[in-house]
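User: Please walk me through this model by question and answer. Keep it brisk.

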Amino acid sequence: MIRLAWRRSASRNSLVEPARLLAAAFLRADGPLQDSGGHVRCFRPILHPPSERSPTHRRPQPAYHLSSPVFMSMASGGTSPTHHKHTNRLAEERSPYLLQHAHNPVDWYPWGQDAFDKAKNEDKPIFLSVGYSTCHWCHVMERESFEDEEIGKILSDNFVCIKVDREERPDVDKVYMTFVQATSGGGGWPMSVWLTPDLRPFIGGTYFPPTDHARRPGLKTVLNRIIEQWQNNRPALESSGERILEALKKSTAVAANPGQGPPPAPAVASRCFQQLAHSYEEEYGGFRDAPKFPTPVNLMFLMSYWSVNRSTSEGVEALQMALHTLRMMALGGIHDHVAQGFHRYSTDSSWHVPHFEKMLYDQAQLAVAYITASQVSGEQMFADVAKDILLYVSRDLSDKSGGFYSAEDADSVPPSGGPEKREGAFCVWTASEVRELLPDVIEGAAGAATLADIFMHHYGVKEQGNVALEQDPHGELQGQNVLIVRYSVELTAARFGISVEKANELLASARTQMAKVRESRPRPHLDTKMLASWSGLMLSAYAAVGAVLGDEASLERAVQAGNFLKEHLWDADRQTILRSCYRGDEMEVQQISPPISGFLDDYAFVIRGSLDLYEATLRTEWLQWAEELQQRQDALFWDGQDGGYFCSDPGDGAVLLRLKEDQDGAEPSANSVSASNLLRLSHYSGRREWLQRSRQLLAAFSDRLTKVPIALPEMVQALMAQHYTLQQIVICGQRDAPDTAGLLAAVNSLFLPHKVLMHIDDDADGFLRQRLPALSSMSQQGGVATAYVCQDFTCSLPVTDPQELRRLLLDGATERQTE
């Protein structure tokens with residue numbers, strides 16, 4: 001667990017020897033965890049590739065083999081203690097994750113100056129534990145170790161113990177996760193790191209069992225060895241940790257060479273496509289065999305790649321990969337067929353048995369991916385799934401204030417009761433439950449079939465359960481069924497001799513009845529923390545779906561979300577986004593004091609959401625706010641020397657690494673989103689410096705984009721947009737008039753990844769006209785709404801007919817492909 005070996009070849013020579021010395025200091029040469037070569041013997045899990053760095057895993061015993069890295073266990077789901085024999089200072093916090101640890105027999109501190117001062121004053125090392133409220137292995141470690149009186153005393157007497165919610169403080173999480181990944185070869189949550197009083201890490205890992213198990217050192221063993229070494233070998237700990245940290249600063253630096261521009265977009269995009277195609281799994285879609293993650297950033301890149309390569313075999317293949325993956329996910333168990341929304345990921349290659357946690361950021365990105373697929377393919381099914389996702393979020397993850405909750409847990413108490421929560425208990429079904437719930441014989445169906453017969457056939461329900469043993473190592477799903485569409489509606493209808501319309505009606509009725517039963521079951525834990533960044537992603541989703549479908553309810557919900565962000569997560573006096581707010585006991589929105597200032601992803605995702613909301617509603621207040629936020633983001637995070645944005649305020653002395661996120665994973669990196677935001681804003685504002693800043697950002701990430709573009713598919717899209725330049729689609733007309741709506745519907749019916757949509761009316765001094773003098777020559781023709789399609793404000797002839805506008809835009813897409 002304590003082996004610290006450097007895995008990045010660029011710094012290998014500078015770090016391997018200190019790491020070996022540090023390991024030797026902890027584990028005696030004759031210790032059971034040493035191998036013959038002097039390295040610590042411990043375990044390594046199966047890790048996700050760079051494009052899917054989301055170190056969470058379901059519930060099986062961690063998969064490991066003998067090797068030298070630190071044992072890394074994946075995390076998700078969980079329970080919380082019910083006995084309050086102890087109360088610590090986390091009881092004063094608002095984070096659901098911190099509150100879950102408020103009654104541990106551990107003297108926990110939240111991250112902050114009080115803890116830092118205590119460590120310095122008492123000259124004690126810091127034990128930093130990082131996780132999140134719906135993290136299963138976090139709860140396992142709490143139950144096994146942090147609720148243990150003996151371990152609690154060891155921790156409290158010898159360490160300053162700090163607990164961090166990674167969703168509240170992603171800056172802290174990124175710094176120490178970078179350390180853990182670099183020194184162990186993997187990462188995950190819970191993350192356990194030991195620091196000097198000046199916050200420098202010297203040992204790190206993830207989940208530790210409470211006592212030694214086989215060849216794995218337990219937490220007691222690790223704690224006692226750290227205490228011993230802190231007393232007897234402290235200089236070695238401090239110097240080795242310092243050297244590793246300095247090497248990390250060099251190896252994580254992102255910078256452009258003087259005079260360097262962005263890399264060539266067509267070559268980078270082609271390489272990204274080839275890398276994705278190499279990892280693509282053809283039968284069920286997705287990337288790699290198992291576990292399978294939704295990876296919306298990959299799917300959106302593939303559809304963007306198709307948009308400029310429509311007539312090539314690579315473009316056709318890219319579109320097929322994206323649509324097949326989205327289709328198979330929608331049919332699979334990762335999609336909640338009864339209560340909507342998507343689970344975190346699938347533990348198997350066929351999208352069948354999920355890890356049942358539901359995250360807001362997944363819902364947001366998948367809704368955009370599915371509505372985009374509907375634009376590209378014209379298939380109603382994709383639009384239905386997008387609406388399905390928003391239904392789930394509106395019902396289960398929405399606060400009355402307009403905000404969005406962060407997540408639902410994977411585990412809950414089974415309907416039959418009992419003290420232990422089980423994964424998926426809220427979602428799964430036995431065959432007998434289905435038969436009891438849906439007993440009606442269907443008139444005209446073959447063999448006097450019941451509604452249960454039809455439902456069970458369609459969704460693969462089996463008498464003995466449909467979860468394979470290897471997918472259920474803890475026996476929690478024994479005899480249970482995870483619903484998965486096994487047959488098309490047409491085949492199900494034919495099997496029972498009924499019409500397709502009748503089959504659809506019956507299946508919908510069955511799902512409604514089952515949803516009512518689900519509502520009566522004990523619900524999983526709901527993380528009611530509301531984050532600016534994830535709310536920004538969700539704002540984009542409601543805006544996109546509402547615009548494409550012309551759905552006023554979705555657009556109204558998007559506006560409500562925007563107003564929530566302005567009211568509760570924007571400090572207008574300090575011109576600062578706030579990271580998070582919380583649901584109070586009376587369902588009111590609460591804030592901690594002092595509030596946590598926003599990070600780069602909060603700004604970038606809210607700016608994108610505001611731009612999307614402007615294009616969906618044509619209300620310039622959202623465009624104005626996006627400009628205001630971008631100016632503030634530039635002031636706080638821009639690296640004027642090397643280009644790109646730091647993830648957190650570089651002036652925060654408690655954050656030791658000035659990182660620039662270089663990975664689009666479960667969420668897109670904020671730098672990737674910012675590259676697109678800057679480009680869009682430059683067209684809306686006429687500010688050339690934002691266009692130049694976008695180019696500088698892409699240049700800073702040039703090495704990463706050139707070598708491993710699969711790590712940054714979102715940024716590759718921004719690079720493509722730079723290369724092809726954005727079209728300006730200008731609509732002149734009264735905003736709420738039917739003729740304006742007709743032109744907008746034509747634009748929104750198409751997937752146009754390289755465009756900005758603008759609206760001007762009769763106001764000669766309007767917001768956009770003030771910024772863009774070229775718009776002064778555009779006006780309605782013949783008193784009706786008129787569209788102009790422009791490139792650098794060199795425009796086509798005015799168009800008033802929606803179908804003609806649609807043809808013009810399609811022709812433009814063909815021309816851009818030829819270029």
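Predicted model: local features only at pLDDT ≥ 70, side-chain atom pairs only at ≥ 80, totals over all residues.

Analyst: Residues are numbered from 1 along each chain as its sequence is written, and side-chain values use heavy atoms, leaving out hydrogens and water.

User: What percentage of the 819 residues of the protein chain count as buried?
Analyst: The chain has 28 helices and 23 strands. Both are DSSP runs numbered from the N terminus: helices are H or I with at least four residues, strands E with at least two. Buried means under 20% relative accessible area, exposed over 50%, partly exposed in between (1.4 Å probe, protein chains only). Of the 819 residues, the buried share is 62%.

User: Are the rings of Phe301 and Tyr305 stacked, edge-to-face or tilted?
Analyst: A search of the whole structure finds 24 aromatic pairs. Rings of Phe, Tyr and Trp (its six-membered ring) pair if their centres lie within 6.5 Å; planes under 30 degrees apart are stacked, over 60 edge-to-face, the rest tilted. Here the centres are 5.7 Å apart and the planes at 35 degrees, so the pair of Phe301 and Tyr305 is tilted.

User: Which helix holds both Phe301 and Tyr305?
Analyst: Phe301 has 0% relative accessibility, so it is buried. Tyr305 has 5%, so it is buried too. They sit 4 residues apart, about one turn, in helix α10 (residues 296-307).

User: The charged end of which residue sits over the ring of Trp189?
Analyst: A charge sits over a ring if NZ of Lys or CZ of Arg is within 6 Å of the ring centre and within 35 degrees of the ring normal. Arg521 does this over Trp429, 4.0 Å from the ring centre. Over Trp189, at 3.9 Å from the centre, sits Arg166.

User: How many residues does the largest nonpolar core have?
Analyst: A nonpolar core is a set of buried Ala, Val, Leu, Ile, Met, Phe, Trp, Tyr and Cys residues joined through side-chain atoms within 4.5 Å. Among those with the most contacts inside the largest core are Phe301, Tyr370 and Met758. A second, separate core of 62 residues includes Trp137 and Cys161. The largest core has 131 residues.

User: Which residue in β11 stands opposite Lys358?
Analyst: Two strands pair if DSSP finds at least two bridges between them. An open antiparallel sheet has the order β10-β11-β14, with β10 (358-359) and β14 (526-527) as edge strands. There are 2 bridges joining β10 to β11 (residues 407-408). Opposite Lys358 stands Glu408.

User: Is Trp111 buried or exposed?
Analyst: Trp111 is found in the loop between β3 (108-110) and α3 (113-122). Contact means heavy atoms within 4.5 Å. Leaving aside neighbours within four places in sequence, the contacts of Trp111 include Leu128, Tyr176 and Ala654. With a relative accessible area of 14%, Trp111 is buried.
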